[in-house]
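Visitor: I'd like to go through this model with you, a few spots at a time. Could you show it and settle the terms as we go?

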Amino acid sequence: MAPAKGILERLNAGEVVIGDGGFVFALEKRGYVKAGPWTPEAAAEHPEAVRQLHREFLRAGANVMQTFTFYASDDKLENRGHKQSYTGAQINEAACDLAREVANEGDALVAGGVSQTPSYLSCKSEADVKATFKKQLDVFIKKNVDFLIAEYFEHVEEAVWAVEVLKQTGKPVAASLCIGPEGDMHGVSPGECAVRLVKAGAQIVGVNCHFDPLTCVKAVKMMKAAVEKAGLKAHYMVQPLAFHTPDCNCQGFIDLPEFPFGLEPRILTRWDMHEYAREAYKAGIRFIGGCCGFEPYHIRAVAEELAAERGIVPPGSEKHGMWGAGLEMHTKPWVRARARRDYWEKLKPASGRPLCSSMSSPDSWGVTKGHAELMQQKEATTKQQLKELFERSKTH
């Protein structure tokens with residue numbers, strides 16, 4: 001049975017809703033997702049891995065189980081010679097079943113998610129792009145998810161198209177762009193993006209991925225201000241990276257030379273997540289979760305920081321003393337001396353890498369929808385195409 005209270009009922013009552021984390025990055029590190037395509041066939045191939053990750057986020061305090069359907073549109077599953085053992089429908093159905101199974105183990109909701117498409121980048125028509133979303137939506141309706149999320153959109157136009165498709169179901173719709181304070185890839189401001197999404201029918205708007213938590217909170221604050229100025233109403237969500245991104249430009253961490261295999265030195269600590277949760281709450285955001293890089297312990301930190309507001313402590317806190325309290329039992333006295341909040345709040349972690357700089361220079365090729373280099377193909381990238389890209393990268 002679905003939970004008695006839906007997403008809008010919870011948000012309308014002022015409750016804090018905690019999302020889960022970044023499945024594609026977490027499962028890539030565990031050996032179940034291939035970096036590059038970032039597609040979620042693991043939902044059908046290795047359901048035990050996806051199920052276990054859902055359970056870990058549930059135990060950490062998440063009360064939204066987002067279906068592992070990121071990039072599960074048919075055009076993305078066929079992109080660049082990526083051969084599939086399962087159809088898009090099979091992957092989407094398996095993901096819905098896993099999310100529902102685990103959600104029913106707690107007081108959690110299931111959110112069916114769609115994301116940006118290769119069809120849009122290749123300048124396919126609005127009708128073609130919407131038809132791609134509709135295929136996933138048919139599965140979500142069949143499986144009766146609790147609400148819908150259009151997430152990870154670099155262009156507000158495509159996000160609006162997604163919302164227009166999703167809202168036809170009558171289910172609550174959230175829309176989340178992967179943008180920062182500079183706006184979408186065509187320079188549309190976060191505020192204007194939010195207004196367009198609300199007018200299209202989204203009841204929850206915000207940002208996810210591409211930037212660190214405090215940058216994302218800043219972008220959502222801009223959205224909130226614009227929506228209110230326009231005389232509209234909405235709830236707000238944020239699901240950022242778990243990586244520090246102070247040196248990123250408009251496109252975020254994808255432009256960092258460390259993306260995606262060298263990002264570990266940038267990972268946020270659990271104590272950074274306490275700060276994030278508090279800043280998001282102070283900004284009026286009530287749907288607070290994570291995206292790439294977020295592991296269950298990060299979500300547990302969010303849940304612990306907002307335990308008083310939520311009135312509950314996550315089950316995962318059984319094995320974690322608040323602010324390092326468990327260290328009181330350590331054998332070494334200097335470690336026991338760290339069992340206090342002010343120690344961890346003031347800590348400035350060292351990287352342990354003497355020759356590393358603190359910042360990177362992002363790759364800024366300046367291409368977006370409509371550029372020839374972004375025209376997507378079903379065939380695998382050829383050696384000649386790769387050679388041309390290698391040569392061009394030397395000039396940036």
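Guide: A polar contact here is a pair of N or O atoms within 3.5 Å; within protein, one must be able to donate a hydrogen and the other to accept it, and residues adjacent in sequence count only if both atoms are side-chain atoms. This is a predicted model, in which local features need pLDDT of at least 70 and side-chain atom pairs count only at pLDDT 80 or more, while totals for chains, interfaces and linings use all residues. Residues are numbered from 1 along each chain as its sequence is written, and side-chain values use heavy atoms, with hydrogens and water left out.

Visitor: OK, which side chain does the side chain of D75 make a polar contact with?

Guide: The partner is the side chain of S73, at 2.6 Å. D75 itself sits in helix α5, residues 74–77, where helices (H or I, at least four residues) and strands (E, at least two) are DSSP runs numbered from the N terminus.

Visitor: Which residues is D75 in contact with, leaving aside neighbours within four places in sequence?

Guide: Those are T117, P118, S119 and T132, with contact meaning heavy atoms within 4.5 Å.

Visitor: What about R300, where is that found?

Guide: R300 is in helix α13, and R300 is also buried without a salt bridge, the nearest side chain of opposite charge being E304 at 4.3 Å. Not counting residues up to four places away in sequence, R300 touches A60, R270, P314, G316, S317, K319 and H320.

Visitor: How many residues of α13 are buried?

Guide: Nine of its ten, so the helix is mostly covered, and among the buried ones are H298, R300 and E304. The cover over these residues includes β1 (17–18), α4 (47–60), α12, β8 (287–288), α14 (307–310) and α16.

Visitor: Since β1 came up, why does V17 count as buried?

Guide: V17, which lies in strand β1, is buried because its relative accessible area is 1%. V17 touches I7, R10, L11, N63, V64, R286, F287 and I288, again without residues up to four places away in sequence.

Visitor: Switching to pockets: which helix gives the most to the lining of the second largest pocket?

Guide: α12 does, with six residues, and α11 (213–229), α12 (270–282), α13 (296–305) and α16 (341–346) each supply at least two. On a 1 Å grid over the protein atoms alone, a pocket is an open set of points with protein on both sides within 12 Å along at least five of seven lines, a cavity is a set where a 1.4 Å probe fits but cannot get out, and lining residues have an atom within 4 Å of a point.

Visitor: How much space lies in that second largest pocket?

Guide: About 1100 Å³, and of the 36 residues that line the pocket, the closest to its centre are H244, P265, R266, I267 and D272. Grid points are joined across faces, edges and corners, and a volume is the space filled by probe spheres set on the points.

Visitor: Last one: which residues line the largest cavity?

Guide: The lining is E154, C178, I179, G183, D184, M185, H210, C250 and Q251, around about 30 Å³ of space.

Terms used. Buried < 20%, exposed > 50% of the residue type's maximum accessible area, 1.4 Å probe, protein only. Lys, Arg positive; Asp, Glu negative; His and termini not counted. Salt bridge = Lys/Arg side-chain N within 4 Å of Asp/Glu carboxyl O.
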